[in-house]
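Notebook open, model loaded. I'm jotting things down in the order I looked them up.

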Amino acid sequence: MTAPGLVVAAHGRHFIVETPEGTRLTCHPRGKKSDCVVGDRVRWQPTGSGGEDEGVIQKIDPRRNLLFRQDEWKTKSFAANLDRIIVLVAGDPMFSESQLTRALIAAEDAGIDVCVVLNKADLPQAALARERLAPYRAMGVEVHDCSIKHDAEAARALFGPLLAGRTTLVLGPSGTGKSTLINLMVPEAAAQVGEISTALNSGRHTTTTTRWYWVDRPAGTALIDSPGFQEFGLQQIDVQRLPRLMPDLRAHIGDCRFYNCTHRQEPGCGVRAAVERGDISPSRYRIYGELFDELSRSSHR
Ligand SMILES: Nc1nc2c(ncn2[C@@H]2O[C@H](COP(=O)(O)OP(=O)(O)OP(=O)(O)O)[C@@H](O)[C@H]2O)c(=O)[nH]1
Ligand SMILES: [Zn+2]
């Protein structure tokens with residue numbers, strides 16, 4: 001007999017599974033493979049010897065979606081069964097447009113709703129960050145502003161409805177305010193972290209583990225915090241599909257003379273014409289070129 005559960009933390013081959021009653025236990029995957037991720041709905045069984053608080057994951061329920069990144073050597077999953085991704089950025093440290101673009105492409109490819117929140121709006125550097133986000137707003141990405149630390153009330157008013165009733169993954173570079181956000185929105189955040197760290201025996205709280213936090217368990221509101229934003233490989237994406245995963249480029253690919261235009265040097269390219277007119281930002285086109293090279297290199301290996 002197996003019981004249902006939700007994976008709320010993953011650390012190597014150790015997982016924490018939460019039962020529908022809210023009890024948490026450490027589980028290990030059956031066999032050698034450990035392909036469970038946070039957000040997975042699983043079927044588990046108590047281990048014979050380990051007592052009540054240990055189990056074996058027998059089966060993973062089919063996933064609605066999976067956000068992952070892939071470099072040349074390995075695939076790393078962020079989380080599964082997401083309703084939304086929030087990319088949290090700031091002007092200090094200034095976010096990288098390349099990382100932001102990679103996150104948006106991965107979300108688009110996985111079919112997951114995504115929005116961008118600019119934190120630390122109180123800092124003078126926010127002005128430049130806002131300017132760098134203008135092309136993203138223009139292409140239809142939802143972009144919000146906040147100051148989680150200095151205007152907690154407004155931040156609560158923003159994140160409350162954004163998160164309500166959903167499973168949201170928060171991604172963002174280090175130092176942007178992810179922990180500050182969790183402390184704002186998650187009741188007893190420290191306790192939830194401590195409980196998980198003890199169970200996983202991982203000691204430190206930061207950056208090594210993906211964690212699920214209940215913002216409001218009865219309402220089904222949850223936040224997932226995940227490391228790994230820095231090295232966002234997109235090797236899973238076929239280079240031909242790349243322009244279609246970038247909404248500002250996608251809007252112009254119908255204007256290209258050649259159906260298989262790469263939008264790099266072909267004559268009669270609608271994308272390049274849009275760049276020249278200023279309808280596509282130069283930085284987005286530059287990032288497209290960099291990703292194009294990166295993904296073409298790998299497919300010729
Ligand atoms: N000025 C300003 N500082 C903020 C704001 N929100 C968070 N900070 C500060 O930014 C720093 C980093 O915040 P964290 O919440 O630790 O950032 P993080 O994204 O969790 O960083 P990692 O743990 O390294 O991934 C802290 O010193 C916060 O106090 C804000 O709205 N404005
Ligand atoms: Zn073209």
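I started at Asn81, which is buried because 21 other C-beta atoms lie within 10 Å. My cut-offs: 20 or more other C-beta atoms within 10 Å of a residue's own means buried, 12 or fewer means exposed, in between is partly exposed, and C-beta atoms are placed from the backbone. I also noted the phi of Asn81, positive at about 60 degrees although the residue is not a glycine. Asn81 sits in the loop between strand E7 (75–80) and E8. For the labels, helices (H or I, at least four residues) and strands (E, at least two) are DSSP runs numbered from the N terminus.

Before going on, a note on provenance: this is a predicted model, where local features need pLDDT of at least 70, side-chain atom pairs count only at pLDDT 80 or more, and totals for chains, interfaces and linings use all residues. Residues are numbered from 1 along each chain as its sequence is written, while chains are lettered from A and ligands numbered from 1 in the order in which they are written.

Next I checked His263, not a glycine either, and found a positive phi of about 65 degrees. His263 is in the loop between helix H6 (247–250) and helix H7 (270–277). I counted 24 other C-beta atoms within 10 Å of His263, so this residue is buried.

Then the peptide bonds: I found a cis one joining Asp92 and Pro93, with omega about 0 degrees. Pro93 is in the loop between strand E8 (84–90) and H1.

Which residues of helix H4 are buried? In H4 (residues 178–185) I got Lys178, Leu181, Ile182 and Met185. Looking down the axis of H4, I see these buried residues fall within an arc of 100 degrees, so they line one face of the helix. The arc is that of the directions from the helix axis to the C-beta atoms.

I count 18 residues around ligand 1, the closest being Lys149, Ser174, Lys178, Ser179 and Thr180. A residue is near a molecule or strand if its C-beta atom, placed from the backbone, lies within 6 Å of it. The shell around ligand 1 splits into 2 nonpolar, 12 polar and 4 charged residues. In this scheme Ala, Val, Leu, Ile, Met, Phe, Trp, Tyr, Cys and Pro are nonpolar, Asp, Glu, Lys and Arg are charged, and the others, Gly among them, are polar.

I moved on to Val56 in strand E5 (residues 54–60). Val56 has 17 other C-beta atoms within 10 Å, so it is partly exposed. Its C-alpha atom is 5.6 Å from that of Pro29, 27 residues apart along the chain. Leaving aside neighbours within four places in sequence, Val56 is in contact with Cys27, His28, Arg30, Trp44, Gln45 and Thr47. Contact here means C-beta atoms, placed from the backbone, within 7 Å.

Last, the domains: domain 1 (3–60), domain 2 (66–225) and domain 3 (239–299), with bounds from an automatic or database domain assignment. The centres of domain 2 and domain 3, over C-alpha atoms, are 28 Å apart. I find 10 residues from domain 2 and 10 residues from domain 3 in their contact. On the domain 2 side, helix H1 (residues 97–110) brings the largest share, 6 residues.

Note on methods. Two residues are in contact if their C-beta atoms, placed from the backbone, lie within 7 Å.
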